[in-house]
Amino acid sequence: MKMLPNDAVERIGEGCKRIGDLCKQEGISQWEVVAFQSYGHQLDIEAGKISLAAGGGEGGYGIRVLEEGRFGYAYLVDASSATPAIQQALDVARASPAIEGFVLPSAQEAAPVDGLCDRRILDIGPEDLLEQADAVLSEVASLDKRAVVTGGGLGVGATASAILSSEGIESSGITTSHGLGVQVSIDADDELTSSYEGDSGRQLLADVPSCIANAVHWAQVTRGPIEVDSQPQDTPVLMTSEGFSPLFSMVVPTALRGDRLVRNESFWSGKEGTQVLASDLSLIDDGRMDGGKSASSRDGEGVPSRRQTLVENGRLVGSMWGTRDAAQQVAEGRIEHAETTGNAVRGGHQSPPGIGCSDFTMTSKNGGHSQDALLQEMGDGYIVHSVMGAHTANPTSGDFSVTTSTILRVEGGQILGPVKQAGLSGNLAKALSEGVRLGDDVRVQGSYSSGSMHLPDVLMLQGLRVNPA
Amino acid sequence: MVMSASPNDDRTSGTGRYLQQSKIQAALDHAQDLGASYAEVRLMAITDSSVAIRDGKLERAIPGQDIGVTMRILADGAWGVHSTTDVLSLPGQVESTVKLAKAVAARRASKDRPVALAEVPILQNEVHWKPKKDVRNTDLDTKLHHLMTLHDSAAEDERIVSVTCGWHDEHLHTELMTSEGMNRTWSFQRSLINATVTGRDGGDVVSYRTRHGGEGGLEVIEACDLGELGRTAQIATLRLLKAERAPSGKLPLVADRDLTGVYIHEALGHPCEADLVAAGDSCLDGKLGQTIGNSIVTVVDDPTIRGGYGAHPIDDEGLDTREKCLIKNGVLTEYLNHRETAHHFGIAPNAGARAQDGLHHPLVRMSNTMIQGGTHNDLDELIEDISYGVYACGSRGGQVDTGRGSFQFAAQEAWLIENGELTKPLKDVSVSGLTLQILKDVDGLTQDARLAAPGFCGKGQTVPVGDGGPIMRISNALVG
């Protein structure tokens, strides 16, 4: 293996054990140690050429201690300096309010999830990445001589992780990743258009993934903007998976966190059991998806991951929980009963578990439709392929107001041409509450909150306003 | 060894430094022996603390220590980089990193110029921006006291259903050694407090967030009237519950200093970053010396403004920081640059290199970015001749497409302006436009420019920034 030391997992496992032994010596009743160690290679591309090659590794340990419902956390890089970190975590625990009923998860069997580690990636070296970059740059040039990769990069990584707890949880493993993203620009005839596209996964990507052609395509089709009525209008919008996912991931998974639902911090608070989405739509969080970018046999605190339906045929039927938040909300009387759903997530060794989704899907019992069929149903409206400012959407209310320069005008089901720039606003929860049609090509996208979004193109027939510049 | 280099273990006894200089010097020499024209090792050690309370109860308190080191090697006109938390392993990576750089160089087309660096003063010294009150000495009770003050003032209404308050402080220690003989160590601190307030009235739910922070220790937090900060957030949240959707269309827009800061950061600051210009990804390419804005517009980026959230004494290539004047009276005068882009454009380096931490290589970044003040006395004077427009306040963030020169930023709340008066409260206001157009449409600025709330900027790496300015009027903005 070129990337990962052969004994990487054993090393961090030993570190966890060493820290765990120190916790025992301190007489701590419940403790949990997690460790992550990542290695990788990456290339940056600028101005049509490889600008930098990098490699390296990073990692650390996180320690959670629990005494009579009071928890503390600390993190560190080197297991040999764990004693002061444990003391810091204990100090924090003693200053924290007790949460009645909060105990660390007990050990349970967790079946492995397939496809999370591609051993071919472990053998990839910098030269292999350089060859892939060459292939990508050549492909872009061959698709359009005017097109240049003005930014982006590619990389491979492997992460060894481990968790060990006083409750008997002991688990470790290796996951891999391969990612690529390019900003393709066409600067000609006094007009510059561009498009960013990317792809990533646990498995080795094709040398030239389809996102490369998509980037060139969108840089091409947004050239030569047409004039449209500049009055704001409420209109149907077909958002591609790439355009829809950033908004969706900012707003919807957050609204399904159990703590936010019971604390009135979600636009779906108080609507449990009722219709919240169009009646054909379902939302599923699948922590056990084969090859899922965010899937794992266990969640961030060692609880076996699961597949959970959160919205079924439009009805809110589930929510996402971690151990601590469930105990806290029950103890504070906001909900009679709650327990972990295996949705504890971490941002690495520096964070204690919070609540988040893993591999998140939206499906329709009506199935998916071709883009032609969606355009026919739309009639007049717009296609939006990317938005600026998705991170400014309000996850509490579902309101958003973003901008797009990758927008096409559609009339009578036919694409007329691109619009130079437009605002797009609305409330995502309301827009998804009726008149939604899904495409037939599910693509995996990253996320602003947690997890990965598996979404097709989405046609929203109501609830959105387009404001052409 | 996978993870090592505890700051305590590896720190060179008595020198206050983490890098073992003789070993690093040997590694740098070795890189040159292997053909590198330049090599550097930069270490950053961060001691930080995060605290969060929710509804008045301690949610979490996390003390942490991180260390990372990045070796950057220039060979045959191309970069190879190695980053690791395992400081002791670094010398063993010199050969592979030189090889990496040469492999990149071998792929360079004949039309492409090799990377070279602008010359800079070679300094060996230490610079420590001492806080008045070292935040590392602040105990949890003190942090909780400040958080509770913020919380209690924000929560005083039954329609406020949740208040989450956060604290983050960090002490940053950086060491840089280069093959040119640069050997510098610097340190400073940042402190931040924030709140997110959620209000609900029937089926309507809204949220509002507020922040205060800057470069420095505990004194940064103590300088803020947290009770007032919380009350302001509470009032704004309740106002949002009654606010109407903003009108859409092209309208006169007045922005408070928070939003002015985000506007200038997104619309101008990013396109001014010379690495994006050199990559062909900036609408300001080739426009140095040209008039791109109204003559009332002067914009600076200044990391030396102590207390600003983007302040730092030395950039991550070892240069003393200084003010950069990006626009002077509407004329584009300077790009933000680092040594590579300074050489590329044949201009003087201006210390614009920043890295997120010790595990990232430096990019061209902003620091504290501001529009300078104008001539209007106050908000009233700016809006008195607007018959129908929007006054937008507070930032929810923004984004820019530097190549196309289009940007978007979102306000936390707003008011409708009717016949020179603020009338109805509005929500969900965002503004978009084109950099090269909207800078010309800035037609009014109040006199009192200053930095606003702290922020964070993402460009593949995240760095803290300060933005601000005066209250600004744009004659014609696309409001969503």
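Which residues lie nearest the centre of the second largest cavity, and how many residues line that cavity?

A: This is a predicted model, where local features need pLDDT of at least 70, side-chain atom pairs count only at pLDDT 80 or more, and totals for chains, interfaces and linings use all residues. Residues are numbered from 1 along each chain as its sequence is written, chains are lettered from A in the order in which they are written, and side-chain values use heavy atoms, without hydrogens and water.

The second largest cavity is lined by 13 residues. R64(A), R324(A), D325(A), P353(A) and G354(A) lie nearest its centre. A cavity here is a set of points on a 1 Å grid over the protein atoms alone where a 1.4 Å probe fits but cannot get out; lining residues have an atom within 4 Å of a point.

The space in the second largest cavity is about 60 Å³. Volume is the space filled by probe spheres set on the points, with grid points joined across faces, edges and corners.

In chain A, α8 (323–331) and β13 (354–355) each supply at least two residues of this lining. The largest share, 3 residues, comes from α8(A). Helices (H or I, at least four residues) and strands (E, at least two) are DSSP runs, numbered from the N terminus.

By class, the lining of the second largest cavity has 5 nonpolar, 3 polar and 5 charged residues. Nonpolar means Ala, Val, Leu, Ile, Met, Phe, Trp, Tyr, Cys and Pro; charged means Asp, Glu, Lys and Arg; the others, Gly among them, are polar.

For context, the whole structure holds 4 cavities of 30 Å³ or more.

Terms used
On a 1 Å grid over the protein atoms alone, a cavity is a set of points where a 1.4 Å probe fits but cannot get out, and a pocket is an open set with protein on both sides within 12 Å along at least five of seven lines; lining residues have an atom within 4 Å of a point.
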